[in-house]
Amino acid sequence: MKGSLGLMCNWAKIRLLLLMLTMVGCNTLKKVGDDELLLTKNSIFTDGEKIKNEDIKSLIAQKPNSTLLGYPLRLNLYNLAKENPDSSFQNWLHRKEKREKRLNNLLSQKQVNRLRESFIVKGASDFLKRIGEAPMIIDTSLTQKSVNRLKAYYNSKGYFNNTGAYNIVKGKRKKRGKIEYNINLEKPFFIDTIQKNISSPELDSIYNRAIEQSLVKTGDQFDLAKFNNERERLTTLFRNSGVYNFQESSINYDILRDTIKLADDQSMDVQLNIQKPRSVNDSSSVGNDYKIFRFKKVNIYADYKIGWAKDSLKSIDHENYTIYYYDKLKYKPEALTDAIFFEKDSIYRDLDRIRTYRQVTNLNTFKYPSIIDSLVGNNKLISSIYLTPRPKFSLNLDFDVTHSNIQQVGTAFSASVITRNVFGGAETLNISARGSVGLLNGRNITIGGDTFTSEIGGDVNITFPRIWFPLNTEKIIPHYMLPQSRFLVGTNFQKNIGLDKQSFNTVLSYNWNPSNSLRNNIELMNVEFVRNVNPDNFYNQYQNTFARLDEIANNFQDDPQYASFFEETGNTEDPLQLSIPTGANDFAKAVLDNEIPTDQQQRADVNSIEERRQRLTENNLIFASNYTFSKNSKVDINDNDFYQFRMKLESAGNLLSLLEDVVPYNKNDNDQLLVFGVPFSQYFKTEFDFIRHWEVSNSKVLAFRSFLGLAVPYGNSESIPFVRSYFAGGSNDNRAWNAYELGPGKTSNINDFNEANLKLALNLEYRFPIAGDVKGAFFADAGNIWNVFDNEDNPDAIFSGFNSLSDIALGTGFGLRYDFTYFVFRLDIGFKTYNPAEEAAKRWFRQYNFKNAGFNIGINYPF
């Protein structure tokens, strides 16, 4: 009987599924006519071989409706819209006899019309059409247009004799069809010889010097893209070699028709033509041959304003420049001239002009400059650079929505006063104050018992538009690399994060950009003093640690001689607990002093807890230097196919350690050197971060990230400062675990804040559009943290070799994002797919459910 009922239930589920599929199919074809076909697929074949290149596929003018996991979501949303909302309004109006009469008595005719318009324009139908997608009906005119595009494309690749056709194949399901495009390429043509016809001797000389860099070479298959790129290369070459007025339109190529060979090795002769300058209407060549231009004079106008009186300006000559100004020159002459990359008697170069724009803008003292070149005499130029000063003082007020691995969401307020040209060398002084309030994520609320975190701080930051160093670095780091020096002094106070921390920070750093994609940053001095404001609150904040200590102490709570360690809780299940902080601290000290008879394991656990307490409650002094190199191939904000690489090397405490023989340091009980009563940290740290994005198809992106970080303590330190250590989990890491919850190694969340000094992380995410500004993603996050080369003695937390890679945790999940243009709001749900903290036989999919999932709210993409 039970088997029959189960079979009936299964058949009922199957019938329900078939009914749903039928309804979906009907909805998909709702707006497809009887004599029409819904396009389901495009295929391109060249000489019988299927093409997978997305660039070639993009030439097709008509594409199938988008799908989400194979389901045409946007098409079905569109089909849900009413065809005639006006009729729907009339039906609603006349559905009840007296509705129209009551409506006319209540509203004027004008208001009724507005109601109708609102029903039509702003109703659900309009919304569904806006976020949906109309059915893509096969249109033969667009299909032929696609064939012509494909033929033109292959024609540009040297297949001059190609032919094309299309074939519409009706699908097995009704009203559906796919299109097959077939291109017969025939034999391609190759470049046999390249002749040249260059009208200007100067251009001919420049061309011959760089002929090895040519993109069009004999023996290559004809490719129109290479010819276009070669025109751009030559234009850049000439304009960077002194030819001020060179026009790209002066370059063209001729295929010498009488030289085309129709043999098996089809080849052609090509002639490069570089003509004289053309007239405005580009109808004929005018004037003399192209010449090399030099600057006769370079003028800098330091106080340019619209409508100024040129006669009232004063001037000074500095090196090869003339600087004009009102009354008094507010800038050091070299601050202006160092930003100009051409000078008197130098040849004209577009590159120098671009570098000048960038460097003047980098000064942050002037608005975007205006550079005007005037022709004088024979092949001479006078260049005038007009610099419009920014206001001396400005006030910036900012309000931001923030997110971190500690905060689910927060609000930040900041105010800054900017003073420009502080010392006359285009320096910028920025005095800022900031504050924030944030909602702790669910994991961290349980740690301290509080819901919100707050932060307040301020900085004094001065930036120099040059390398501020005793030695001259211009030959190594020229001005066109946009060098900057920064000196910062700041303080910050955080409440309800750990033990409430106050930090004091001093940074002297240098950065420069050899190119648009490369960036170097050196922090010659990064001094940070971290003070724990409430060290006695340790066991209140780190409740897991306290619970471990109290569990050991429960074995002795009935002994009267230890009664002073305990206090009543009022809890019937646990009426006595160690008092905080006195009882807990005294109990730990008594155990370690062998005043309490504990076994070896209990003593080891207490020793680990006490070491952690001392480490997390002691103040830290970090005197570090670091170097960061980064490369970013991203061209612009719309570039979805790029990579980023960042490498960072950091060393702390070495300089202070070298001074041990010179400076009479005090020492603590652990024989650590003290500076102002605080042991300074000594470690070496290195990080590698690589991000790669692939544009799979239009608006669909596959994103990958890998991270490796290692910090090794030595000398004056046995462990890494908490603020410099690594953690795993959270919305920007492994999203199946909360921040600080994963690891180290195969340990199972033994501390409230789990951190270590070695981290490996790998992330893979597939991003796709859903409807309008709503996006989706599937992701897989792998990684963990471990202890290595420090004072940790738990083997489950230590990285011991390749075998420890089995401790890498895996989280998978999905996410929803909404693109607000200026930022992206995202919700990610991660599931514990492989949990190294479980027994070996129970690690896979043990907690793969919503109850144990990680819910993460984030701002912008995680990588």
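**Close-ups: salt bridges and nonpolar cores**

The count comes to 33 salt bridges in this predicted model.

**View A. Arg 817 and Asp 828 form a salt bridge.** The closest N and O atoms sit 2.9 Å apart. Arg 817 belongs to strand S31 (residues 809-819) and Asp 828 to strand S32 (residues 824-834), so the pair links distant parts of the chain, eleven residues apart. Buried or exposed, what is Arg 817? Arg 817 is buried, at 2% relative accessible area, and Asp 828 is buried too, at 0%. Through shared partners, salt bridges tie Arg 817 and Asp 828 into one network with Arg 735, Glu 765, Arg 767, Asp 781 and Arg 826.

**View B. Asp 593 pairs with Lys 589 in a salt bridge.** Here the N to O distance is 2.9 Å. Asp 593 is partly exposed at 37% relative accessible area, while Lys 589 is exposed at 51%.

**View C. Asp 671 and Lys 667 make another salt bridge.** N to O is 3.5 Å this time. Asp 671 counts as exposed, with 52% relative accessible area, and Lys 667 as partly exposed, with 46%.

**View D. The largest nonpolar core has 27 residues.** Tyr 539, Leu 549, Phe 565, Leu 578, Phe 587 and Ile 596 touch the most other members. Helices H14 (538-541), H15 (543-553), H16 (582-592) and H17 (600-617) each give two or more residues, with H16 supplying the largest share, five. Beyond its neighbours within four places in sequence, Leu 549 is in contact with Tyr 539, Leu 578, Ala 584, Phe 587, Val 606 and Ile 609.

**View E. Another core, of 25 residues, lies apart from the largest one.** Its members include Tyr 244, Ala 339, Tyr 357 and Ile 371.

Definitions and conventions:
Residues numbered from 1 in each chain as written. Predicted model: local features only at pLDDT ≥ 70, side-chain atom pairs only at ≥ 80, totals over all residues. Heavy atoms only, no water. Core = buried A, V, L, I, M, F, W, Y, C linked by side-chain atoms within 4.5 Å. Buried < 20%, exposed > 50% of the residue type's maximum accessible area, 1.4 Å probe, protein only. Helix = DSSP H or I, 4+ residues; strand = E, 2+ residues; numbered from the N terminus. Contact = heavy atoms within 4.5 Å. Salt bridge = Lys/Arg side-chain N within 4 Å of Asp/Glu carboxyl O.
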